[in-house]
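Student: I would like to learn how to read the local features of a model, one at a time. Could we take the general idea of each feature and then its case here?

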Amino acid sequence: MMTEKSWASFQQRIGKAPEQVLRYCRNGGAKPLWPMSSGQPSKADIPKCNYCGGPLCFEFQILPQLLYYFSVNNEVDSLDWATIVAYTCEASCEGGVAYKEEYAWVQLSSPSATVP
Ligand SMILES: [Zn+2]
């Protein structure tokens, strides 16, 4: 789980080239781009909002090009993903907290990958 500090650093980095590493779309009805047909979540895989119980919707997705910005060379095995899609509360409820948990779906780049 990312700390708020690393999240800030993360946002700073992707802010330099957002069109290459991040697709942000929060206008309702938007669909993420899936690099592969396998490993996509079904509707049942996406949980309800922890705070209001309402549906979550696609907010943004992170593309693997991000790895270059993190200069990851020696941790290839631990970053074996095709895309990460983040879902947030459709109603953008406050939930009484300043920092809300989001739901992220990680699509692995290797179809043969197994969960340990
Ligand atoms: Zn909510």
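**Reading the metal site and its surroundings**

Student: Where does Gly54 lie?

Tutor: Gly54 lies in the loop between strand E1 (22–24) and strand E2 (56–62), where strands (E, at least two residues) are DSSP runs numbered from the N terminus. This is a predicted model, in which local features need pLDDT of at least 70 and side-chain atom pairs count only at pLDDT 80 or more, while totals for chains, interfaces and linings use all residues. Residues are numbered from 1 along each chain as its sequence is written, and side-chain values use heavy atoms, with hydrogens and water left out.

Student: Is Gly54 buried or exposed, and with which residues is Gly54 in contact, leaving aside its neighbours within four places in sequence?

Tutor: Buried means under 20% relative accessible area, exposed over 50%, and partly exposed in between, with a 1.4 Å probe and protein chains only. Gly54 has a relative accessible area of 14% and is therefore buried. With those neighbours left aside, Gly54 is in contact (heavy atoms within 4.5 Å) with Lys48 and Cys49. The C-alpha atoms of Gly54 and Ala91 are separated by 7.2 Å, although the two residues are 37 residues apart along the chain.

Student: Which residues coordinate the zinc ion?

Tutor: Donors are N, O and S atoms within 2.8 Å of the metal (3.2 Å for Na, K and Ca), and sites may look incomplete because water is not among the atoms. Here the SG atoms of Cys49, Cys52, Cys89 and Cys93 coordinate the zinc ion at 2.2 to 2.3 Å, and along the chain these donors follow the spacing C-x2-C-x36-C-x3-C. Cys49 is buried at 7% relative accessible area, whereas Cys52, at 41%, counts as partly exposed.

Student: Why is the arrangement around the zinc ion tetrahedral?

Tutor: The ideal angle for four tetrahedral donors is 109.5 degrees. Four donors count as tetrahedral if all angles lie between 85 and 135 degrees, and the arrangement here is tetrahedral because the 4 donor atoms subtend angles of 105 to 113°.

Student: What is the phi of Ser92?

Tutor: Most residues other than glycine have a negative phi. Phi of Ser92, however, is near 50°, a positive value in a residue other than glycine. Ser92 is found in the loop between strand E3 (81–89) and strand E4 (103–108), and Ser92 counts as partly exposed at 41% relative accessibility.

Definitions and conventions: Tetrahedral: all angles 85-135°; square planar, octahedral: opposite > 155°, others 65-115°. Helix = DSSP H or I, 4+ residues; strand = E, 2+ residues; numbered from the N terminus.
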